[in-house]
Amino acid sequence: MNDVLVVHGGAPLHGNIRVRGAKNLVSKAMVAALLGDSPSRLFDVPAIRDVEVVRGLLELHGVRVSDGATEGELVLDPANADRADADEINVHAGSSRIPILLCGPLLHRLGHAFIPDLGGCNIGGRPIDFHLQALREFGAIVDKTASGMEITAPNGLHGTKLQLPYPSVGATEQVLLTAVKAEGVTELRNAAVEPEIIDLICLLQKMGAIIKVHTDRVIEIEGVKRLGGYTHRPIPDRIEAASWAAAALATKGDVFVEGARQAEMMTFLNTYLSVGGAFEVDDSPVGGGIRFWHPGGELRAVVLETDVHPGFMTDWQQPMVVALTQARGLSIMHETVYERRLGYTRALGSMGATIQVYRECLGGTPCRFGRRNFLHSAVIAGPSKLHAAELMIPDLRAGFSHLIAALAAEGTSQVHGVSLINRGYEDFEGKLAALGAHVERG
Ligand code: EPZ
């Protein structure tokens, strides 16, 4: 299919769309099914590329993945889990970062794991040193090969005391997925505590895991000998919800995001109000969600810094920056999670936005990237009238923000590489149509 979306911008988005289970929980939940000795059932799974990649990887390892009785339901049966052929696994090399999380479950199940070279968005170095260090401390042996890593645990996996240098989401998940069946107790300090991680912990607890979340980012896991399957409905995708919320603001529109929940979005909602957006929470158990809209008048500039939870998510940054191009005054965005996540602002500049990026830590506390030659702070001067442009999507979240900019701009934009958006946004073209956007395939 032609990978270009033609966007006729300048019209507000109006209408209702629905978000399903969070991409960044669903993929890990699918991996966790490998730890059970009976089938697991996962509801509300979005039809996105990342889910297909994890499904493919699990199927290569003998896990039977089938569609359940309801829409978006997956049944994962690990009864026949087995070693997979390295060449076949390598077909998935470069397509996702999830394979690294298969290590613990595969080691527990088969005593061996082969992990291909990883992919994911190009937003920084994205090393896996924390993961490998943790696996070694559990007793695993990691051998790098030409095409990936062979990981074994000849003496089993044993609980340990760990401290992460930074509260990494993936490394925290690595420790959880390994420690739940390791012998003895594991104590993890400086853990990430994102809502998706707490949801993963809930799911593991349903399987029989014993996990205590203490204050100050300390998680204690008591290893158990066996785990059963789970039945789980994931938390909603708060990144997708925020993306549509920012789109409503940038286009002066009004969007009801069914499924969005206030609790996981509190930090985003505070910012939304500060900027001048409006929202209304509908708590109904069925059909509830959050309505986001531009109440008229001028948006206000803000100073923002991305951070680990409970801070402002790095994945909310790009859509919010597009909305900030419409705010009066100077906004500051200091990106402290990834060192190279502002490259997309050049494209916004080509559309008439006034954005300057800096190496310095602006507006907040110094971060790991200050004085290290990373352009990781942005100053956005607004409001700017955006005009149409020819855009190339660089990565998932930046890609969606290009789309928002094209929707907010006057004129017709050509957005290339849109299929990348389907990695994390289910049926985004159908949702755009439901919101009255004027788009068509080029
Ligand atoms: C997860 O990535 C998400 N991906 C990201 O979403 C999200 O941006 C990120 O968490 C932060 O919330 C998935 O869940 C699949 P990290 P992850 O480990 O786990 C450094 C999206 O668009 N680090 O918390 O890979 C790392 O370089 C994606 O949905 C090390 O230095 O992120 C980064 O600077 C993009 N060594 C920081 O930690 C390591 O071994 C945070 O990364 C691991 C991480």
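**Backbone features and the ligand site**

Pro-310 sits in the loop that runs between β18 (303–305) and α10, where helices (H or I, at least four residues) and strands (E, at least two) are DSSP runs numbered from the N terminus. The peptide bond joining His-309 to Pro-310 is cis, with omega of about 10 degrees. The model is a predicted one, in which local features need pLDDT of at least 70 and side-chain atom pairs count only at pLDDT 80 or more, while totals for chains, interfaces and linings use all residues. Residues are numbered from 1 along each chain as its sequence is written, and side-chain values use heavy atoms, with hydrogens and water left out.

A cis peptide bond also joins Gly-382 and Pro-383, here with omega of about 0 degrees. Pro-383 belongs to the loop between β21 (377–382) and β22 (390–392). Most peptide bonds are trans, and most residues other than glycine have a negative phi. Arg-217, although not a glycine, has a positive phi of about 60 degrees; its place is the loop between β11 (210–214) and β12 (218–222). Asp-427 is not a glycine either, yet has a positive phi of about 45 degrees, and this residue is found in the loop between β23 (411–416) and α13 (428–434).

Attention now turns to the ligand. The space that the ligand takes is the largest pocket. On a 1 Å grid over the protein atoms alone, a pocket is an open set of points where a 1.4 Å probe fits, with protein on both sides within 12 Å along at least five of seven lines; a molecule sits in a pocket if more than half of its atoms lie within 2 Å of the grid points.

Around the ligand are 23 residues, of which Lys-28, Asp-129, Ser-168, Val-169 and Val-337 come nearest; a residue is near if one of its heavy atoms lies within 4 Å. This shell divides into 9 nonpolar, 5 polar and 9 charged residues, with Ala, Val, Leu, Ile, Met, Phe, Trp, Tyr, Cys and Pro counted as nonpolar, Asp, Glu, Lys and Arg as charged, and the others, Gly among them, as polar. At least two shell residues come from each of α1 (23–32), α5 (129–138), α6 (169–179), α10 (314–324) and α12 (396–408).

Polar contacts (pairs of N or O atoms within 3.5 Å) complete the picture. A polar backbone atom of Val-169 is 2.7 Å from an oxygen atom of the ligand. For Lys-23, an N or O atom in the side chain is 3.0 Å from a ligand oxygen atom.

Key. A polar contact is a pair of N or O atoms within 3.5 Å; within protein, one must be able to donate a hydrogen and the other to accept it, and residues adjacent in sequence count only if both atoms are side-chain atoms. On a 1 Å grid over the protein atoms alone, a cavity is a set of points where a 1.4 Å probe fits but cannot get out, and a pocket is an open set with protein on both sides within 12 Å along at least five of seven lines; lining residues have an atom within 4 Å of a point.
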